[in-house]
Amino acid sequence: MTLPRLASYPHRHLLGIEGLAPDAIEFLLDLADEYVDLNRQVDKKRGTLKGRTQINLFFETSTRTSTSFELAGKRLGADVINMSVARSAVQKGETLLDTAMTLNAMHPDVLVIRHQDSGAAQLLAQKVSGSVINAGDGTHEHPTQALLDALTIRRRRGKLQGQIVAICGDILHSRVARSNIHLLNAMGAYVRVVGPPTLLPTAIERLGVEVHTDMEKALDGADIVMMLRLQLERMQGAYVPSFREYFHFYGLDHRKLAHAKPDALIMHPGPMNRGVEIDSLVADDINRSVIREQVEMGVAVRMACLDALTRHLPDTGAEPAP
Ligand code: NCD
């Protein structure tokens, strides 16, 4: 049975994938598909967000995510401000909520936040009148990354349903893994996770994934191999004996990849640690790696999210209903 397509995305914020209905995810992916086409034209501008203000609040470093949110807002005609935390009053000890209230007084329509603490986006959403997009909160969620990964897979494979996806490496510290698990499960894909026992969260199987510690078994017959970075900045102490040993057991090279389907796609959210979780020969394999395509999809997905969420904001500048 195919359900009728949603006429709009039903939420004002995008804080995580957990709890999103499949048709809401599908709505964002369909809209993003249209933006992929727009982004491949010479004139990439639309007036969808004309008059709107978007503030990007990045408390953690970022290349891909912050650039693509900025581009996405600008292509849709918004005024985009990038608040650099290094030069803000946060350095003087201002709390997240005080910063939020200060910015809110300037009537932003969208706040995009990346923060080192899980739950930061949710907290912000309770305090501001515009839309909040979570661009990664601690080890919790990174919803736009999961959406761009899904768009990449869907465009290559035509569907997400039934795809066997192996998510490999530092699952414990990865918000990318968590958001992908929720999304892929919601869309009917099969998810396997693999990593050393020290980097697998306890009771991860409760999220509906197959858990492995042996890379070759996890990759056996996989359609998609999604590699994750070893997130050293989130580790206190040593979780792996050495990078060399880690690469030997869990680094993706052509030998391990041979266990996956012959046409399996290789993904990585970036930034990559070449020679640690992925061999350069695999990362740059033009027949198998879709890592650069993921970056392209990132802009389109963020345009779709900005477009869909701001449809919930009143045109009058009045306070929207929560
Ligand atoms: C990811 C992140 O920040 O969570 N990167 C990204 O958004 N492209 C993954 C990572 O940092 O390893």
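## About the model

This is a predicted model: local features need pLDDT of at least 70, side-chain atom pairs count only at pLDDT 80 or more, and totals for chains, interfaces and linings use all residues. Residues are numbered from 1 along each chain as its sequence is written, and side-chain values use heavy atoms, with hydrogens and water left out.

## Overall build

Let us start with the whole chain. Its secondary structure comes to eleven helices and nine strands; helices (H or I, at least four residues) and strands (E, at least two) are DSSP runs, numbered from the N terminus. The chain is as compact as a globular protein of its length, because its radius of gyration of 20 Å is close to the 20 Å that the globule rule gives for 322 residues. That radius is taken over C-alpha atoms, and the rule is 2.2 Å times the number of residues to the power 0.38. Along the principal axes, the C-alpha atoms fill a box of roughly 60 × 50 × 40 Å.

Of contacts in the chain between residues at least 6 apart in sequence, 74% join residues at least 24 apart, where contact means heavy atoms within 4.5 Å. As for charge, the mean positions of the 36 positive and 38 negative charges are 3 Å apart. Lys and Arg count as positive and Asp and Glu as negative, while His and the chain ends are not counted; each charge is placed at NZ of Lys, CZ of Arg, CG of Asp or CD of Glu.

## The nonpolar cores

Buried residues make up 55% of the 322 residues in the chain. Buried means under 20% relative accessible area, exposed over 50%, and partly exposed in between (1.4 Å probe, protein chains only). A nonpolar core is a set of buried Ala, Val, Leu, Ile, Met, Phe, Trp, Tyr and Cys residues joined through side-chain atoms within 4.5 Å.

The largest such core has 63 residues, of which Tyr9, Ile133, Leu147, Ile167 and Leu183 touch the most other members. Beyond its neighbours within four places in sequence, Ile133 is in contact with residues including Leu14, Phe69, Val110, Ile113, Thr144, Cys305 and Leu309. There is also a second, separate core of 26 residues, with Cys168, Leu219, Leu230 and Ile266 among them.

Arginine 75 belongs to helix H2 (residues 64-75) and is buried, at 15% relative accessible area. Setting aside neighbours within four places in sequence, arginine 75 is in contact with Asn39, Lys44, Lys45, Arg46, Val299 and Met303.

With neighbours within four places left out, arginine 154 is in contact with Glu26, Leu29, Asp30, Asp33, Lys159 and Leu160.

## Loops worth a look

Which backbone details can you find in the loops? The peptide bond from glycine 270 to proline 271 is cis, with omega near -5°. Proline 271 sits in the loop between strand S9 (265-267) and helix H10 (280-283). Histidine 107 has a positive phi, near 55°, in a residue other than glycine. Histidine 107 lies between helix H3 (96-104) and strand S3 (110-115) and is exposed, with a relative accessible area of 59%.

The loop between strand S6 (190-194) and strand S7 (210-212) holds alanine 203, whose phi is positive at about 60° although it is not a glycine. Alanine 203 is partly exposed, at 28% relative accessibility. Glycine 208 is also in the loop between S6 and S7, and is partly exposed at 45%. Glycine 208 and arginine 192 are 16 residues apart in sequence, with 9.0 Å from C-alpha to C-alpha.
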